[in-house]
Amino acid sequence: MLIVMVHKATQEQVGAVLDAVRRLGYTPQPIPGENRVAIGVLGNQGYVDEEPFRDLPGIQELIHVTKPYKLVSRDFHPADSVVRVGGIAVGWGLAPIVIAGPCTVESRDQVLATARAVKAAGAGILRGGAFKPRTGPHTFQGLGYEGLEYLVEAGRAVGLPIVTEVMRIDQLEPVAAVADCLQVGARNMQNFDLLKELGHIGKPVLLKRGMSATLEEFLAAAEYILLEGNDQVILCERGIRTFERALRNTLDLGVVPFLRQVTHLPVIVDPSHALGRRDLVTPMAKAAFVVGAAGVMVEVHPDPAHALCDGPQSLDPAGFAQLMGELRAARGVAASGA
Ligand code: PEP
Ligand code: MN
């Protein structure tokens, strides 16, 4: 429930509401606004009884929250959140970030060469999968901890923070010890036990949208992480599965301006997994910038033709440098005709 106070509510009136919420066994969260204070009620697992608030002075409105999320919503947290990955700030309205790197860490040389290339072109964060959620078991499953070591080494060598995917709870502690951000892939977006544990790691989380997840489910998944105490969450739109099979997925770019209204958490876009084709990555990365995304994540490989995973959607270093150039120009406006 959200308790909206009247414009001129006194400290005493607000205090009485906070006490009433606590007496019910819930946690009150004051939300200061420009014109009035609101108080969020946390900890209830069902309908909050209005009776204890009925005679309290200074209350304008009681709003029951029927959505499965609160902490991620702007109702409970109106100001934009800023998520810090290493030294990089990610947030709505900030300079958009570019996360780049191989789908999968294949070798020390491969990830180092990619790291050098993306750093030289201006990427802010290095990505690379060590633990890979592959569709079938007869494909390359990633190098595991050995791959993580190479990714850490490459990030340090070029001075970029790193993000990498985790799939199991037992991976969280060792990965959080060396990575700057932990990724939850589309296939694990509703792995609720994993999400709850990510609430305790003290590192930012990059949560990707499940391939068939509604936005309500996506936000509810993020809510699990925030509810356990970690508000450093970046959401990532990576395309959804629709009737259309011409491309790998359907990039749902409307979610960017929509989620900006709904949540304070930053949203980035991954055009690589959405499109599945390298020739379409740059135009859609630009589109993501234009609609206000807090950043993009793209796959880059030194030799895409021989990549062990997702080669067709990976840019080579020259392609990535070109993308960076086009992204820098993307928010410009055409000059009016002479
Ligand atoms: C990835 O980013 O490496 C990945 C596996 O993507 P997704 O979870 O979006 O399929
Ligand atoms: Mn991939």
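1. Conventions. Residues are numbered from 1 along each chain as its sequence is written, and chains are lettered from A and ligands numbered from 1 in the order in which they are written. In this predicted model local features need pLDDT of at least 70, side-chain atom pairs count only at pLDDT 80 or more, and totals for chains, interfaces and linings use all residues, while side-chain values use heavy atoms, with hydrogens and water left out.

2. Domains. The assignment gives domain 1 (2-63) and domain 2 (82-330), with bounds from an automatic or database source. Their C-alpha centres are 39 Å apart.

3. Largest pocket. Its volume is about 480 Å³. A pocket is an open set of points on a 1 Å grid over the protein atoms alone, where a 1.4 Å probe fits, with protein on both sides within 12 Å along at least five of seven lines; lining residues have an atom within 4 Å of a point. Because both domain 1 (2-63) and domain 2 (82-330) contribute to the lining, the largest pocket lies between them.

4. Its lining. There are 21 lining residues, with Asn-44, Gln-45, Pro-68, Lys-70 and Leu-227 nearest the centre. Helix α6 (residues 215-227) supplies the largest share, four residues; a helix here is a DSSP run (H or I) of at least four residues. By class, the lining has 10 nonpolar, six polar and five charged residues, Gly being counted as polar.

5. Second largest pocket. This one has a volume of about 230 Å³. Its lining comprises 17 residues, and Pro-133, Arg-187, Arg-248, His-273 and Asp-310 are closest to its centre. Nine of the lining residues are charged, four are polar and four are nonpolar.

6. Ligand 1. The residues around ligand 1 (a heavy atom within 4 Å) include Arg-127, Lys-132, Glu-165, Arg-187, Lys-208, Arg-238 and His-273. Oxygen atoms of the ligand lie 2.8 Å from a side-chain N or O atom of Arg-187, 2.7 Å from one of Lys-208 and 2.6 Å from a polar side-chain atom of Arg-238. Alone, ligand 1 exposes 290 Å², of which the protein buries 97% (Shrake-Rupley method, 1.4 Å probe).

Definitions and conventions. Points joined across faces, edges and corners; volume = space filled by probe spheres on them. Helix = DSSP H or I, 4+ residues; strand = E, 2+ residues; numbered from the N terminus. Polar contact = N/O pair within 3.5 Å; in protein donor to acceptor, adjacent residues only side chain to side chain.
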